[in-house]
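Okay, thanks for making time, everyone. Let me put the structure up and then walk you through how it is put together.

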Amino acid sequence: MKIFDSHAHYNDDKFDDDRETLLLERLADYVIMNVGADIKSSMEGIELAHKYNHIYASVGVHPHYAEGVTDEDIELLKQLATKDKVMAIGEIGLDFYYDHSPRDVQRSCFKKQLAVAKELKMPVIIHSRDACQETFDILKEANVSDGVIHCFSGSKELALEYIKRGFHIGIGGALTFKNARKTVDVVREIPLDRILLETDAPYLAPVPYRGKRNDSSFLVHVIQKIAEIKGISSDIVATQTFSNARRLYRISNL
């Protein structure tokens, strides 16, 4: 099976001890989108993408780090977005669960990055936690509809509204958790051609590895769960989600 991990963070220090071995050996046959969370991690992701053929990068500032972002930082992100193998703007959005940055600052930073994505005609990778409706409203107001809702935790009704607008839904290890009834309902209801596989590595490892460091090889368990829910083969899930990610990120040489 050819597998596309649409959201990972292999620049994270949890991979410092074995990053090269992991990426060159265990994960050599995977395609991976390494997602930026701030200026530093965005630059690190670009470095990984330039070093490894099977890795691509996105650039963006996560809502946790929105406070202190200047107009000069936004301009730098715009420049980074033009680098080779940078395929999306993200991870951007709102996080009203942790509130690490003031909410008005999160909103402003989110809107500025959406404007960059729209100007450059790039897809977006959206983080939304405890801010489902406001995230949707800001995206609608910005008239942005090309992207993925990362680690989707909303209702099936909201998922279908996002799909009507053109978005994909990111599904990862949380689907395998015992309390994942709402996510199971989402996967059952939405079309397979709008699902992206994601790890959020090193976080959110699926059962039976929950609590351990996550990596793209664990996506087989997410694939099996989606296949079980939809009553189709794992090969179909892997093939279609690979095609979905390739299409969204406009990667023509896979």
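Start with helix H9, residues 234–248: H9 lies across S1, strand S2 (31–34), S6, S7 and S8, where contact means heavy atoms within 4.5 Å. Against S8, H9 runs at about 95°; axes here are lines fitted to C-alpha atoms, for helices over the stretch in contact, and angles go from 0 to 180 degrees between N-to-C directions.

Quick housekeeping: this is a predicted model, with local features needing pLDDT of at least 70 and side-chain atom pairs counting only at pLDDT 80 or more, while totals for chains, interfaces and linings use all residues. Numbering starts from 1 along each chain as its sequence is written, and side-chain values use heavy atoms, with hydrogens and water left out.

Eight strands form an open sheet, in the order S1-S2-S3-S4-S5-S6-S7-S8, and the pairing is parallel. By pairing I mean that DSSP finds at least two bridges between two strands. At the edges you have S1 (4–8) and S8 (195–197), each pairing on one side only. Neighbouring strands of this sheet are turned by 30° against each other on average, direction ignored.

Now look at S1. Five of its five residues are buried, buried being under 20% relative accessible area with a 1.4 Å probe, protein chains only. S1 pairs with S2 in the parallel sense over three bridges, and Ala8 has Asn34 in S2 as its bridge partner. To get from S1 to S2, the chain goes through helix H1, residues 19–26, in a right-handed β-α-β crossover. Right-handed means that, with the strands pointing away from you, the path from the first strand over the helix to the second runs clockwise.

Further along, S6 (residues 147–149) and S7 (residues 168–171) pair over two bridges, again parallel. There, Val148 has His168 in S7 as its bridge partner.

Last, the whole protein. Buried residues make up 54% of the 254. The C-alpha atoms fill a box of roughly 45 × 40 × 35 Å along the principal axes.

Notes: Helices (H or I, at least four residues) and strands (E, at least two) are DSSP runs, numbered from the N terminus. Buried means under 20% relative accessible area, exposed over 50%, partly exposed in between (1.4 Å probe, protein chains only).
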